[in-house]
Amino acid sequence: MTIAPSSSDKPRILDGKRTASALVDEVRETVEREGLTPGLAVVLVGDDPASQVYVRNKGRRAEACGFLSRQYDLPATTTQADLLALIESLNSDPDIHGILVQLPLPAQIDADRVIQAIAPDKDVDGFHYLNVGRLATGTIDAALLPCTPKGALHLIEQVLGADLSGKRAVVIGRSNIVGKPMASLLLARNATVTVIHSRTPSPAEICRQADIVVAAVGVPGLVTGDWIKPGAVVIDVGINRVEGEDGKGKLVGDVDFDAVAPLASAITPVPGGVGPMTIAMLMHNTLQAARRRSAPSS
Ligand SMILES: NC(=O)C1=CN([C@@H]2O[C@H](COP(=O)(O)OP(=O)(O)OC[C@H]3O[C@@H](n4cnc5c(N)ncnc54)[C@H](OP(=O)(O)O)[C@@H]3O)[C@@H](O)[C@H]2O)C=CC1
Ligand SMILES: Nc1nc(=O)c2c([nH]1)NC[C@@H]1CN(c3ccc(C(=O)N[C@@H](CCC(=O)O)C(=O)O)cc3)C=[N+]21
Ligand SMILES: [Mg+2]
């Protein structure tokens, strides 16, 4: 569905929380209608408090969708062999359709080895080489797609529709979990895509050409008004914990919201933008994995 941006000067605030809720409702309805019990296993190694919050939110959402939700809390001292053994057992567990290993992992564990050990058809993060390759080569329908870029694209579609032909997109950040797959998805939708990273000279000048800006950097307020072409759609993936004026911690994005919002035709807030969409897309991917299991031809 395409909703035109509002004609007033006010930017449209893309409400990720509401859109995510609607997606989760759809997932739950599909689960009920088709009589499925998708199973999601979330593995958390160590006791990082932020990771614990995310993982708890994921478990709660999974239960709200009617999924089987299992959480594995492993100590920070877990060995790579132990983690790989758990992955193996989840790979062969018929009740489990999706496996997510929360990143980052402690230093003694090779995160790439762990990710590649996940069965590709249970890789609901979309980080396995097979899914990365499917996305990059255009066989997207067969891929499990990374949740954050998939969620960001869904918000972009609400404003611009599915076909981004003729649009210039700038992605800031080139990580494997956000920036690169975001660029691949935008390219697959026919946008003209440029990726900016820490070695890019004159980033503001490049960004100012963009009809679509996706910021996935981890630098609070990096994107200021002079980076933005009036009317651009601005998607802020950044999640940065900073100290607020009251001395308490608060979350801010990579975009200076107050400076950029008046210029943008649409913009995502932080919190309440891409974050909730990421979790909704994890549910969507888990449903997709479960449906493929019950009907391998689809
Ligand atoms: N909302 C959500 O669901 C999610 C949010 N996040 C958030 O998104 C942000 C990015 O995450 P992630 O991709 O994992 O981060 P990474 O740290 O893996 O990647 C950051 C990228 O930003 C680039 N970069 C760093 N500084 C600059 C700069 N000054 N100018 C231009 N580019 C720069 C880096 O360049 P280089 O490659 O050259 O080092 C790198 O490519 C973080 O705030 C994270 O918390 C992440 C995942 C999900
Ligand atoms: N294997 C793996 N997959 C991931 O998808 C993954 C990961 N590891 N490691 C960490 C990052 C980060 N991430 C977020 C998900 C939701 C919110 C989210 O819901 N944020 C809320 C705020 C939550 C809060 O208040 O802290 C919001 O933006 O409104 C944020 C960040 C997924 N990640
Ligand atoms: Mg990161």
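Tutor: Domain bounds here come from an automatic or database domain assignment. The model is predicted: local features need pLDDT of at least 70, side-chain atom pairs count only at pLDDT 80 or more, and totals for chains, interfaces and linings use all residues. Residues are numbered from 1 along each chain as its sequence is written, while chains are lettered from A and ligands numbered from 1 in the order in which they are written.

Student: Where does ligand 2 lie relative to domain 1 and domain 2?

Tutor: Look at who supplies the shell. Domain 1 (35-120) gives residues, and domain 2 (146-274) does too. Ligand 2 therefore lies between them.

Student: How many residues surround ligand 2?

Tutor: A residue counts as near if its C-beta atom, placed from the backbone, lies within 6 Å of the molecule. The closest are Leu 103, Pro 271, Gly 272, Gly 275 and Thr 278. The total is 18 residues.

Student: Which helix gives the most to the shell around ligand 2?

Tutor: Helices (H or I, at least four residues) and strands (E, at least two) are DSSP runs, numbered from the N terminus. Helix H2 (49-64), strand S4 (98-101) and helix H10 (274-294) each supply at least two shell residues. The top giver, with 4 residues, is H10.

Student: Are H1 and H10 roughly parallel or roughly antiparallel?

Tutor: Axes are lines fitted to C-alpha atoms, for helices over the stretch in contact, and angles run from 0 to 180 degrees between N-to-C directions. H1 (residues 16-34) and H10 pack at about 15 degrees, with axes 8 Å apart. Angles under 35 degrees count as roughly parallel, over 145 as roughly antiparallel, 65 to 115 as roughly perpendicular and the rest as oblique. H1 and H10 are therefore roughly parallel.
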